[in-house]
Structures are given as C-alpha cells and as structure tokens.
Amino acid sequence: MLVFGERDDAEEVAETLGEWFPELGEPRVVRETLAGEDDAEDAQWLVVVEGVDESRLSKVDELVERYDGWRESG
C-alpha cells in the first residue's frame, strides 16, 4: 500500500506502476479519511498494489519518494 497526500500524485503513481508491471494489472487508488478527523481535506490517498516481489520494491520506493509518499504494509 502506497500513501500520498494528493490525489493527483496517487493517480500518477498508479498509472506508472501499471505501465512498469502490466502483469499486476492497474493498481487501485482509494481515498482514506483519517480516523477522528472532521475535515475531509485531511484524507490520504492510497495506491493498492499487490504482487510486487521484493526485487522490485526499491524501484517502487524510488517512485513513491518522488511524489512525497511512502509505502506501508497492509
């Protein structure tokens, strides 16, 4: 699971990952509101990616960092 503050960033990363790893299909972009937050502006955007093996994670991490995001297990 990749986490971003901006929807545009999440969508661009999902598109790039779909191009890099077409065998995994198009990653899903989902909005996650923070627990206890009243302001919808504080939502995070998640890119759900499944099936990326360990040897490719460094490439994914580099892409995510370019968009000020981070990777979480989930």
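This is a predicted model: local features need pLDDT of at least 70, side-chain atom pairs count only at pLDDT 80 or more; totals for chains, interfaces and linings use all residues.

Residues are numbered from 1 along each chain as its sequence is written, and side-chain values use heavy atoms, with hydrogens and water left out.

**Entry: overall layout**

I looked up the secondary structure, where helices (H or I, at least four residues) and strands (E, at least two) are DSSP runs numbered from the N terminus. The protein chain has 2 helices and 4 strands, and along the sequence they follow the pattern β-α-β-β-α-β. Of the 74 residues in the protein chain, 32% are buried. I also checked contacts, meaning heavy atoms within 4.5 Å. Among contacts in the protein chain with a separation of 6 or more, 55% come from residues 24 or more positions apart.

**Entry: the sheet**

In what order do the 4 strands of the open sheet run? I read the order as β2-β3-β1-β4, with antiparallel pairing. Two strands pair here if DSSP finds at least two bridges between them. β2 and β4 (70-71) are the edge strands with a single partner each, so one side of each has no neighbour in the sheet. α1 packs on this sheet and touches β1, β2 and β3, and its direction makes about 150° with that of β1. For that angle, axes are lines fitted to C-alpha atoms, for helices over the stretch in contact, and angles run from 0 to 180 degrees between N-to-C directions.

I then followed β3 through its partners. Arg-31 has Trp-45 as its bridge partner in β3, Val-29 stands opposite Val-47, and Val-3 stands opposite Leu-46.

Is β3 enclosed or open to the outside? It is largely enclosed by the rest of the structure, because 5 of its 5 residues are buried. In a regular strand the side chains alternate between the two faces of the sheet. In β3, Gln-44, Leu-46 and Val-48 point one way and Trp-45 and Val-47 the other, and all are buried.

**Entry: helix α1**

Helix α1 covers residues 7-20, which is 14 residues, and reaches 20 Å from its first C-alpha to its last. That is close to the 20 Å expected at 1.5 Å a residue, the expected span being 1.5 Å times one less than the number of residues. Its buried residues are Ala-10, Val-13, Ala-14, Thr-16, Leu-17 and Gly-18. What covers them includes β1 (2-4), β2 (28-32), β3 (44-48) and α2 (57-66).

**Entry: aromatic rings**

I searched the whole structure for aromatic pairs and found 1. Trp-20 and Phe-21 form it, edge-to-face, at 6.2 Å centre to centre with 85° between the planes. The rule I used: rings of Phe, Tyr and Trp (its six-membered ring) pair if their centres lie within 6.5 Å, and planes under 30 degrees apart count as stacked, over 60 as edge-to-face and the rest as tilted.

Trp-20 is partly exposed at 29% relative accessible area, whereas Phe-21 counts as buried at 5%. Lys-59 lies over the face of Trp-20, at 4.4 Å from the ring centre. A charge sits over a ring if NZ of Lys or CZ of Arg is within 6 Å of the ring centre and within 35 degrees of the ring normal.

Phe-21 is in the loop between α1 and β2. Leaving out residues up to four places away in sequence, Phe-21 touches Arg-56 and Val-60.

Asp-61 lies in helix α2 and counts as partly exposed at 22% relative accessibility. Asp-61 and Leu-2 are 59 residues apart in sequence, with 9.0 Å between their C-alpha atoms.

Asp-68 is in the loop between α2 and β4 and is exposed, with a relative accessible area of 67%. I noted its phi near 55°, a positive value in a residue other than glycine.

Note on methods: Buried means under 20% relative accessible area, exposed over 50%, partly exposed in between (1.4 Å probe, protein chains only).
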